[in-house]
Amino acid sequence: MGRTLTFKIFRYNPNKDNDSPQVESYQMEETQRLNVFTALNTLRETQASDLMFDFVCRAGICGSCGMMINGRPTLACRTLTSDLPETIELYPLPFFKLLGDLSVDTGIWFREMAEKVESWIHTQEEFDPQATEERMDNDIANKIYEAERCIECGCCLAGCATVQVYPDFLGAAGLNRIGRLMNDPRDQRGDQEWFELVSTESGVFGCIGMMACDDVCPKDLPLLEVFSYIRRKLSKIELSK
Amino acid sequence: MSKIITTDVLVIGAGLAGERAAIASASKGLNVIILSLVPPRRSHSSAAQGGMQASLGNSAKGKGDNPTIHWLDTVKGSDWGADQEVVRIFADNAPIAMREMAHYGVPWNRVEGGPRDVYIKGKKTTIVEDDEKEGLITARDFGGTAKWRTCYTADGTGHTVLYTMDNLVVQHGITVHDRMEAIRLIHHDGKCLGAVVRSLRDGEIMAYMSKSTVIATGGYGRIYGESTNAIINEGSGSWLALQTGVVPLANMEAVQFHPTGIVPTDILVTEGCRGDGGLLLDVDEYRFMPDYEPEKQELASRDVVSRRMKEHMLKGKGVQSPYGEHLWLDLRHLGEEHLKTKLREVYDICMHFIGVNPIKEFIPVRPTQHYSMGGIRVNKDGHAYNMEGLFALGEVSCWDLHGFNRLGGNSLAETVVAGMVVGEKIAKYASKASLVADVGLAEEFTKTEKDKIARLFNNRNGENVYKLRNEIASLLTTHVHIFRFGEGLEKAVDCLKNIVKRTENVQVKTKVLGMNPELSSALRLEGMAKQALLIAEGALRRTESRGAHSREDYPDRDDANWLSRTLARWPDPKEDPIFTYEPVGVLDLPPGDRGYGGGQQISIKETIEEYNANVDIVQKAEGRLDPSEPTGSRLPKERWKEVQ
Amino acid sequence: MPINTELYPEEETHHNQASDAYQKAKKALRDERISGFTGVFLALFMWGHMLFVSSILTGEQTFNFIADLFEHTWLAQITIILITIVFFVHFVTASRKIPRGLRDRKKIIKLGKSIKGSKNRWNQEITSDIRLRNHSETILWIWQVRSGMAILILGSIHLFIVGTDILQRSLGGAGITALESTGRVGSGLWLLYVALLICVEFHAGVGLYRFAVKWWIGKQLPLVGKVTRRKTHLVEQFILIFFIIIGIVTLAVLAGLIDPPLESLMADVLGNSI
């Protein structure tokens with residue numbers, strides 16, 4: 001307690017004429033139980049009224065506030081200043097399009113990803129409002145949920161060196177989504193469809209295995225397990241043909 | 001000349017309600033554009049953890065459940081403030097909506113046959129699940145219900161349902177324009193023709209023209225500053241309606257609070273903490289609840305506990321902190337194992353977001369705004385009063401499913417059920433309506449908004465946006481919270497009237513048209529101030545206690561005078577708002593004992609029949625558009641007698 | 001909510017094995033498999049190779065005996081041809097992932113350094129996975145590329161030298177002997193061998209770790225239980241250190257810096273058995 005924090009924040013507004021990227025410093029007294037969400041809002045209200053950043057739920061569930069905090073991609077709302085040194089460097093997530101300061105456009109990327117992997121349940125059956133729901137094993141429901149917990153914050157992509165170099169790569173978030181759908185008995189896509197979708201250089205074989213996604217994921221998703229499951233499954237599919 | 005974009009249906013807000021309604025229209029082959037402040041999956045719907053109520057009756061503790069029991073729970077819970085017919089529509093359709101979401105991919109938790117141990121009110125109990133129900137959607141317990149009927153997916157119900165819904169949006173190829181804020185409705189002669197929209201990416205102002213316009217922007221919790229709502233829930237949707245001058249906002253004073261939000265981030269910690277033996281302490285680390293409620297102590301109901309906490313803080317016993325006053329929640333005696341298993345969620349939240357270890361330390365808590373029952377008044381088809389072609393659904397609307405108190409799990413279910421039911425009506429309306437792409441009108445409306453922005457830039461020595469916003473929040477938190485009494489409310493109304501005037505003189509220092517957070521806040525400020533005033537004045541006028549609205553100076557529920565819904569309009573922006581009242585709707589279950597809270601109940605003056613006869617006439621006079629089916633047609637008479 | 005099926009033309013919903021997409025997918029899987037399995041094969045070979053070379057630790061006799069055995073049975077000749085082929089196949093398939101541009105490679109290095117501190121905080125259970133240490137795998141990959149390039153050059157030289165040796169034996173020459181090896185290492189080529197040793201063991205170790213993570217993580221295996229990053233990483237570290245120590249000692253013997261430490265042991269064994 002009682003520290004004076006120095007925030008070094010990346011500032012750039014592409015909509016402002018003649019603006020160029022720079023790092024600005026702000027000082028602030030550290031208060032009890034301070035996290036980066038509260039700190040940034042205080043800074044905006046008192047020192048930098050035009051500071052751009054994104055928060056929505058501020059409870060670690062919406063995935064808006066991914067940023068590089070002292071070099072690592074993570075959620076600002078659940079980063080406590082007491083875990084950080086006195087100097088805190090804030091940069092926007094790399095890879096995504098910069099909208100201004102700490103705000104990046106993750107929405108477009110994730111929408112395109114959803115379109116690419118056709119991220120919905122593929123079924124021929126029509127919904128019958130009168131019928132009882134189809135039964136499902138609770139274990140399967142839990143297993144689907146385990147992967148469904150991804151909040152699309154983009155930290156895995158920001159930490160992934162592969163995706164910086166090969167932007168077509170679906171990244172951990174994309175592969176995790178595919179893994180979630182592959183596990184879902186309601187999705188009627190067959191082996192061949194999965195094979196064509198994910199056995200590609202932009203799919204699971206684009207992954208070099210640098211494992212940063214697993215180290216930065218704020219939701220602790222078992223990402224590597226999902227990928228190895230997909231790899232083995234693809235191998236099986238190919239061998240059975 | 002501003003850009004004009006045309007579409008059949010314009011949906012403002014991409015949470016569960018908005019997206020479900022958009023899908024309903026898109027599957028009818030209509031063109032739909034969704035506008036959203038944030039990428040759709042970031043919407044606040046995702047943050048709802050608990051679940052959705054639907055009377056599927058699959059779990060052992062929900063056996064024998066049916067829509068009628070659900071209806072009864074909800075009407076009682078609303079303290080008879082809800083429209084009973086709407087509740088019926090909701091309760092009947094909720095199971096269908098759950099099954100539909102299951103069909104499209106939500107991994108609902110399922111029944112596992114056989115015995116299992118659960119904790120009911122802190123006591124370990126064994127329940128035996130029916131083997132025949134194995135694999136069907138199960139349910140958990142939630143406050144205020146006779147049966148267990150809250151469908152859930154572990155601790156992320158809102159998240160999974162929203163993701164499934166958004167996948168459907170992608171599947172239907174529905175256009176989503178994210179980081180777009182509607183700032184004004186375009187309307188003419190009581191007909192809504194679209195909206196003026198500001199891009200939060202580059203600040204461009206444009207006009208969207210549509211056959212039907214749908215507002216689904218969620219609640220206005222952030223006007224309170226301290227709120228469990230997402231920070232984007234600043235009431236910008238209800239402000240759109242209020243701005244028209246003719247569309248009323250209903251029951252704005254009906255605001256729900258939660259006793260234990262952590263400080264400073266106001267994230268909820270579950271009420272289970274108190275159920276399991278958590279203690280509330282004040283600044284002297286003294287346990288104060290037994291003094292107020294000797295019997296139930298910390299286990300008293302949510303609103304009683306919240307009220308006592310607030311009362312105790314007003315006595316100067318709160319703990320001062322840089323983020324405002326709070327109290328302590330002590331869980332240390334529950335032990336490490338208990339906290340790391342049964343209350344794992346609480347443990348995680350405290351450790352992650354405020355760095356407090358509940359095994360060793362007190363948790364700072366305060367009562368926090370949680371849900372807004374009020375909103376844009378619509379008829380049972382979701383059609384706004386006095387404005388053809390304008391629809392509203394979800395938390396932003398006052399469909400009136402919740403009356404004066406919402407039951408946990410009903411609001412999340414409302415989003416998909418209303419999306420389904422109202423969505424159909426929207427599609428039907430849009431299929432018949434013709435597009436009025438009045439370029440002149442669009443230009444006129446966009447110009448007003450552009451002028452407004454120019455004025456905000458040009459104001460000299462004006463008010464600071466953030467300071468004014470905090471003033472509004474602090475007025476509401478002090479005087480229009482759980483603990484309300486006439487004097488405080490009067491003060492709040494006076495101050496807020498003054499603040500409304502001051503909002504005209506706001507000065508934006510950052511003169512960039514692009515993504516400018518200061519400008520965005522400044523544009524929302526007038527709406528926040530005016531809605532704050534409606535909340536305060538509505539609360540002042542309503543001299544009774546009903547549901548979440550509890551007046552210390554009027555502790556009784558007064559059905560003789562107040563079995564009514566508040567309607568507030570703001571016809572002239574320079575003058576004061578106008579308050580009127582209408583009957584809550586056709587009554588089937590006669591007003592009775594709500595089974596919670598204190599105070600007496602003053603009986604209704606007329607007979608139920610007389611009351612019901614009046615409903616249609618008064619509501620119509622207030623500007624209600626005719627629904628597709630006559631009033632009361634969906635409310636079967638006295639079915640509730642079968643289950644009582 | 002029925003979906004308009006016009007959006008999904010038949011070409012896309014009917015899949016067959018002749019389709020472009022399928023062939024492409026098959027190729028991707030094949031490339032990944034080849035690069036992975038050649039890597040594993042080479043790593044296993046290198047360990048066997050190391051063990052055979054380290055027979056010098058027990059004295060020249062054993063070394064010569066083993067060398068002679070392999071050459072006599074033509075195993076050595078076959079192996080070297082096979083290894084040379086696998087070596088280059090591995091190079092071609094594994095290097096497909098290396099970014100061509102210098103700028104891209106710099107990006108990876110920068111990011112790798114930036115996220116070094118990505119370990120989890122308070123909620124880390126002792127039994128949980130690897131996050132307690134800093135994130136290193138991104139930088140490790142860069143070093144894998146670098147060491148791979150070094151191996152490509154140094155390994156080629158070594159293959160050429162040894163290849164000539166073995167070829168000589170086939171043509172009636174002396175082949176690989178302790179005397180010659182010692183001479184070679186002692187003559188200054190030790191520098192090459194130390195570099196090669198470290199590069200190979202590092203490259204193989206990290207490569208195998210990555211391979212295991214890619215294909216087996218989360219799988220339940222007998223004896224070890226669920227495969228986790230922590231376990232695979234520990235195994236990798238152990239093997240890496242083990243072989244580097246053996247390698248250094250072996251090189252030291254070959255360079256004549258120390259006497260074979262296990263010679264007396266071997267003499268005992270041989271003496272007893274005779």
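A crossing of two helices is left-handed if the near helix is turned anticlockwise from the far one by less than a right angle, and right-handed if clockwise. In this predicted model, local features need pLDDT of at least 70, side-chain atom pairs count only at pLDDT 80 or more, and totals for chains, interfaces and linings use all residues. Residues are numbered from 1 along each chain as its sequence is written, chains are lettered from A in the order in which they are written, and side-chain values use heavy atoms, leaving out hydrogens and water.

Let's start inside chain A. Helices α3 (residues 138-148) and α6 (residues 171-182) of chain A pack with axes 9 Å apart, at an angle of about 170°. So α3(A) runs roughly antiparallel to α6(A) (the term covers angles over 145 degrees). The crossing of α3(A) and α6(A) is left-handed. A:Ile144, A:Ala147 and A:Glu148 of α3(A) make the contact with A:Asn176, A:Arg177 and A:Arg180 of α6(A); contact means heavy atoms within 4.5 Å.

Now for the interfaces of chain A. Buried area is the accessible area (1.4 Å probe) that two parts lose on being put together, summed over both.

| Interface | Residues in contact | Buried area |
|---|---|---|
| Chains C and A | 49 from C, 49 from A | about 4,300 Å² |

A salt bridge here is a side-chain nitrogen of Lys or Arg within 4 Å of a carboxyl oxygen of Asp or Glu. C:Lys226 pairs with A:Glu225 in a salt bridge, with 3.2 Å between the closest N and O atoms, while A:Asp54 and B:Arg179 form a salt bridge at 2.8 Å, N to O.

Definitions and conventions
Axes fitted to C-alpha atoms, helices over the stretch in contact; angles between N-to-C directions. Helix = DSSP H or I, 4+ residues; strand = E, 2+ residues; numbered from the N terminus. Parallel < 35°, antiparallel > 145°, perpendicular 65-115°, else oblique.
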